[in-house]
Amino acid sequence: MTSKNKNWEYSPSLESTGHIKLKKKYDLFINGKWTKSSSKKYFKTINPNDEKLIAEISHANQNDVDLAVKSARKAYDTVWSKMPANERGKYIYRIARIMQERAKELAVIESLDSGKPIREARDIDIPLACNHFFYYAGWADKLDYAFPNRKISPLGVAGQIIPWNFPLLMAAWKIAPALAAGNTVVLKPAETTSLTALKLAEIIEESGLPAGVVNIITGHGDTGASIVNHPDINKIAFTGSTGVGKIIQKAIAGTDKKATLELGGKSANIIFDDAPLDQAIEGIVNGIFFNQGHVCCAGSRLFVQENIADKVIRKLKHRMKSLVVGNPLDKNTDVGAINSKDQLQIINKYIKLGKKEGAELYQSTCSIPKKGFFCPPTIFTNVAQSSILVQEEIFGPVLTIQTFRTVDEVIQKANNTPYGLAAGVWTDKGARIFNLTTKLKAGVVWANTYNKFDPASPFGGYKESGFGREGGMHGLSAYLKLS
Amino acid sequence: MKRVEILKTYKIYSGGKFPRTESGRYYMALDKKGNPIANMCLGSRKDVRNAVVSARKALGAWSGKTAFNRSQILYRIAEVIEGRKSQFVEELILQGSQKNSAIKEVEDSIDRIVYYAGWCDKFCQIGSSVNPVSSSHFNFSTYEPVGVVGLIAPQDSSLLGLVSLLMPIIAGGNTCVVLANESLPLCSITFSEVLHASDVPGGAVNIITGHISELIKPLSTHMDVNALAFSGLNELKKEIDLFSVENLKRVRSYDLNWKNTDTQGLHYITDFQEVKTTWHPIENIGGATSTY
Amino acid sequence: MKNQNKFNLLPLSPTVDKVGVEERVSRFQKRSIKTNSKMDGLKMVLNMIDLTTLEGKDTPGKVRQMCYKAIHLHDSFPGLPTVAAVCVYPSMVGLAKSMVKDSGVKVASVSTAFPSGQAPLDVKITDTKYAVEQGADEIDMVISRGKFLAGEYSFVFDEIAQIKEVCGEARLKVILETGELATLDNVRKASDLAIYAGADFIKTSTGKIQPAATMQVTYTMLMAIRDYYDETGIMVGMKPAGGISNSKLALHNLVMVKELLGDEWLTNEWFRFGASSLANDVLMQILKTDTGKYQSSDYFTID
């Protein structure tokens with residue numbers, strides 16, 4: 001007897017949402033207490049998969065920011081800066097541990113609120129966020145070793161503004177080193193993805209961290225602007241677009257506020273003909289379709305050596321067939337929902353522009369849900385360095401593919417951008433790897449891999465991709481005064 | 001009869017050459033009492049532009065030298081100044097220094113150059129790291145020069161201030177466009193002659209004299225300048241910050257008395273470095289169960 | 001053109017990065033196979049098994065019982081498929097053939113001085129001829145790993161090509177014994193070599209060497225099949241053998257085949273599991289899925 005040769009499909013496998021606890025309405029977490037905004041305004045956070053309301057979120061205004069900064073200052077002056085460093089570290093360890101205990105809940109909420117696949121939230125975002133706290137907890141009482149011959153002291157109150165692509169992970173990237181270095185924090189998550197930051201506030205509450213050391217306030221751009229402009233903030237840490245990064249730089253010009261900016265990118269992913277090709281294909285897919293392409297370091301510009309271009313494109317198209325696009329909560333989903341309607345419109349605008357520019361479009365043939373914000377994995381061939389599509393950050397699952405002939409040419413083209421966040425190089429030849437990794441102007445270079453992150457690994461850009469590093473020993477200096 | 005002295009013509013230093021300013025303008029450097037001591041080039045925005053082009057062009061050659069070689073070249077700078085000590089002392093005195101303090105400034109400058117010469121091939125070892133990531137990858141972070149650096153030379157010291165910021169910038173492989181001390185400009189041009197005689201590639205350091213207030217804008221708004229350094233100038237800080245936003249220049253402002261001995265150190269080098277992190281997979285085959 | 005002469009056509013094998021392969025494989029392992037797709041998958045697995053006994057102590061009695069099981073996997077649960085084939089030594093082929101008759105179950109025989117392959121070519125040819133004459137539908141040959149590791153690729157190539165000729169109608173599975181090849185680069189190279197030399201199937205292991213059919217190795221071999229198909233339009237089968245002893249791992253293998261090669265390969269004409277204990281675990285999972293109760297091995301026959 002032989003088997004029937006019908007297609008074998010994956011049945012739906014939805015992650016359960018039964019165990020998560022969400023309030024209908026969220027207030028601001030200021031001075032260790034849930035505080036109503038004096039604006040009395042709330043905005044909705046919706047599930048990008050079905051556009052249904054998840055919860056209402058408080059819109060903090062100038063007064064709330066003021067209150068949060070005051071509580072952070074008071075906590076800094078009276079408690080946190082006086083606490084022995086090892087004790088400080090123990091609180092951070094506690095936060096890490098409680099996050100680990102509640103990891104599943106965090107993952108489900110992250111997926112619900114942001115649209116990212118549950119697999120990524122569960123296996124990447126949440127574990128990395130926990131690990132980040134765990135990593136920096138241990139630094140708290142060892143700062144002297146990181147900066148030999150320097151006198152170190154914390155900066156004071158840090159204002160931190162984070163994006164919607166990795167909501168909890170970015171909160172961890174910001175809060176953990178700030179606390180380890182002895183600062184107190186006012187953090188604002190992005191308006192479309194406030195929930196996991198608010199869950200983190202619950203965890204911080206549960207950890208017994210002294211009131212006011214971490215304040216989490218929600219809101220829109222105006223809330224962020226109030227933080228940036230607040231005179232009693234010593235440090236601004238921002239992750240987001242290059243455009244907003246420049247606005248922040250202008251706002252703090254001439255002040256003593258220290259800043260770290262982690263901004264946009266248009267990173268090159270370069271494939272040579274001797275590369276481990278099938279792994280390179282994975283690297284391309286992981287580079288641009290990971291988190292729907294909402295990744296500042298996404299490998300959005302693919303450079304393929306011309307003699308293997310057809311083969312690579314064929315393989316890539318074949319690989320794209322097996323990407324499952326759909327409900328983020330389905331454990332088999334590879335590409336989830338675009339974070340917001342606005343972002344989907346931006347992406348679609350670029351796709352339209354690409355077609356207009358005469359580029360050749362190919363999109364995954366998979367079925368796309370009718371409801372919600374979805375964009376199929378998309379590649380454009382027949383583009384040039386001068387195509388807008390190649391120059392501007394799209395922040396979606398859209399890849400441009402260019403070919404090259406020589407090492408020199410590809411280095412020049414890869415560096416021919418105002419950005420400099422990341423780059424990928426795929427070749428089997430060690431000497432060539434080191435040539436490229438040295439010459440590519442980017443803060444992170446992945447050789448024969450792509451989109452890897454680790455708490456111990458410094459991350460951050462050259463040029464208009466921002467400045468300062470997050471992660472590792474180098475991430476500490478962003479939160480310390482060194483003299 | 002007393003011999004007629006040959007007076008020195010001070011020109012700018014750009015692209016490894018000593019042209020006059022393209023603008024053809026000049027200003028007078030004055031001594032303490034207000035008497036003219038030299039006609040200086042009154043550099044223009046085009047001089048800045050040309051200098052940045054030269055600095056960008058020289059970046060490959062300078063950053064591409066081995067760190068050891070850069071170290072030797074910096075040491076060579078110190079050697080050459082040592083031989084021309086008296087010229088610098090005379091210029092400092094001419095600009096109003098007491099003899100003893102002039103001698104000290106030149107000697108301190110030489111020592112500072114030697115100090116940074118020694119750092120060239122060492123600072124990377126201190127700030128770099130191999131990062132123990134939780135996956136099968138080798139991951140390391142190391143420094144790379146930020147690129148072309150604009151330096152507004154400290155205005156309170158003619159030689160030591162310049163040396164104190166220029167040396168860490170070029171020790172790290174950057175190239176530099178310097179706006180010289182406006183009121184005490186003589187040493188900076190003489191210093192450029194030293195650089196010229198010291199195997200520093202043409203264009204790696206460019207020195208322009210002129211009005212700081214006029215030249216700050218073309219330098220700090222220049223889209224091909226990656227970082228900017230200045231000392232003091234508190235009243236210009238906001239303006240410089242704003243000028244620097246468009247290409248997100250790394251702005252380093254210091255408010256230090258460079259004559260102090262503690263105004264040198266590793267961090268003046270790393271202030272002008274980018275941290276690059278590189279990942280590569282580690283193939284784990286065999287030996288896994290080996291206990292040596 | 002005789003297959004031997006095709007050695008010159010053998011393309012340069014791409015390199016393989018092991019860490020990248022591990023990452024890719026872990027993604028297959030994270031596929032969640034539930035409800036209908038699980039039941040369909042499990043039945044597919046049963047139908048792809050080459051039920052195997054390859055021991056020095058094999059006897060007619062043992063082979064007879066195994067062949068019966070191959071056709072009657074768990075008669076108390078109707079609607080189950082048979083396995084794909086029974087796999088035995090050449091001396092047992094005749095007996096096995098007489099047992100499976102027209103059940104649709106094929107008889108596969110190992111040959112070429114299995115498992116080491118350390119015999120002269122003429123002995124290997126005789127070995128293979130004998131199995132074919134005895135009625136083997138499929139021949140599972142081993143490559144000369146020693147020669148391969150010594151860099152004598154054309155020797156290995158020619159050997160496969162010559163065995164292929166002797167096979168006649170029987171389909172040839174070429175065992176690479178990946179556990180002895182050590183690196184995935186070698187696995188890829190050996191896969192390309194076997195495919196270009198005429199293999200109908202490529203197979204990971206003899207079952208005598210560990211590690212055997214790891215998913216990393218199977219992945220690497222599947223990619224060789226994929227590339228060959230893209231170049232030539234010719235399908236080649238895949239048989240991971242050894243070490244796949246539970247349903248979950250088997251299902252993950254199916255996921256991998258589906259995503260790398262496509263549904264066309266999800267039939268026992270193109271994909272097999274070489275295994276002895278897998279069938280019972282799959283049966284237990286099928287019963288569990290059907291009844292909702294966890295099962296005991298006491299209720300599943302050992303043959």
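The model is a predicted one. In chain B, the helix α4 covers residues 99-119. Two helix pairs follow, one of α14(A) with α15(A) and one of α1(C) with α11(C).

**Helix α4 of chain B**

- Helix α4 of chain B has 21 residues, which at 1.5 Å a residue should span 30 Å; the C-alpha atoms at its ends lie 31 Å apart, in agreement with that expectation.
- The buried residues of α4(B) are Ala102(B), Glu105(B), Val106(B), Ser109(B), Ile110(B), Arg112(B), Ile113(B), Tyr116(B), Ala117(B) and Trp119(B).
- Within chain B, the buried residues of α4(B) pack against α2 (67-83), α3 (85-94), α5 (123-127), α6 (160-171), α7 (186-196) and α10 (266-270).

**Helices α14 and α15 of chain A**

- Helix α14 (residues 407-415) and helix α15 (residues 430-439) of chain A have axes that come within 10 Å and cross at roughly 30°.
- Because angles under 35 degrees count as roughly parallel, α14(A) and α15(A) are roughly parallel to each other.
- The crossing in which α14(A) passes α15(A) is right-handed.
- On the side of α14(A), the contact involves Val407(A), Val410(A), Ile411(A) and Asn415(A), while α15(A) contributes Arg432(A), Asn435(A), Leu436(A) and Lys439(A).
- Sorted by class, the residues in this contact of α14(A) with α15(A) are four nonpolar, two polar and two charged.

**Helices α1 and α11 of chain C**

- In chain C, helix α1 (residues 18-29) packs with helix α11 (residues 247-260) at an angle of about 110°, and their axes are 8 Å apart.
- Because angles of 65 to 115 degrees count as roughly perpendicular, α1(C) and α11(C) are roughly perpendicular to each other.
- α1(C) and α11(C) make a right-handed crossing.
- From α1(C), Arg24(C), Val25(C), Phe28(C) and Gln29(C) meet a set in α11(C) made up of His252(C), Val255(C), Met256(C), Glu259(C) and Leu260(C).
- Five nonpolar, two polar and two charged residues form the contact of α1(C) with α11(C).

**Phe148 of chain C**

- Beyond its neighbours within four places in sequence, Phe148(C) is in contact with Tyr153(C), Val156(C), Leu181(C), Asn186(C), Lys189(C), Ala190(C) and Leu193(C).
- Leu193(C) is 45 residues from Phe148(C) in sequence, and their C-alpha atoms are 10 Å apart in space.

- Apart from neighbours within four places in sequence, Gly326(A) contacts Thr333(A), Val335(A), Gly336(A), Ala337(A), Pro369(A) and Phe374(A).
- Gly299(A) is 27 residues along the chain from Gly326(A), with 22 Å between their C-alpha atoms.
- Not counting residues up to four places away in sequence, His474(A) touches Pro458(A) and Arg469(A), together with Gly127(B), Ser129(B), Ser141(B) and Val275(B).

How values were computed. Residues numbered from 1 in each chain as written. Chains lettered and ligands numbered in written order. Predicted model: local features only at pLDDT ≥ 70, side-chain atom pairs only at ≥ 80, totals over all residues. Heavy atoms only, no water. Helix = DSSP H or I, 4+ residues; strand = E, 2+ residues; numbered from the N terminus. Expected span 1.5 Å × (residues − 1). Buried < 20%, exposed > 50% of the residue type's maximum accessible area, 1.4 Å probe, protein only. Contact = heavy atoms within 4.5 Å. Axes fitted to C-alpha atoms, helices over the stretch in contact; angles between N-to-C directions. Parallel < 35°, antiparallel > 145°, perpendicular 65-115°, else oblique. Left-handed = near helix turned anticlockwise from the far one by under 90°. Nonpolar A, V, L, I, M, F, W, Y, C, P; charged D, E, K, R; others polar.
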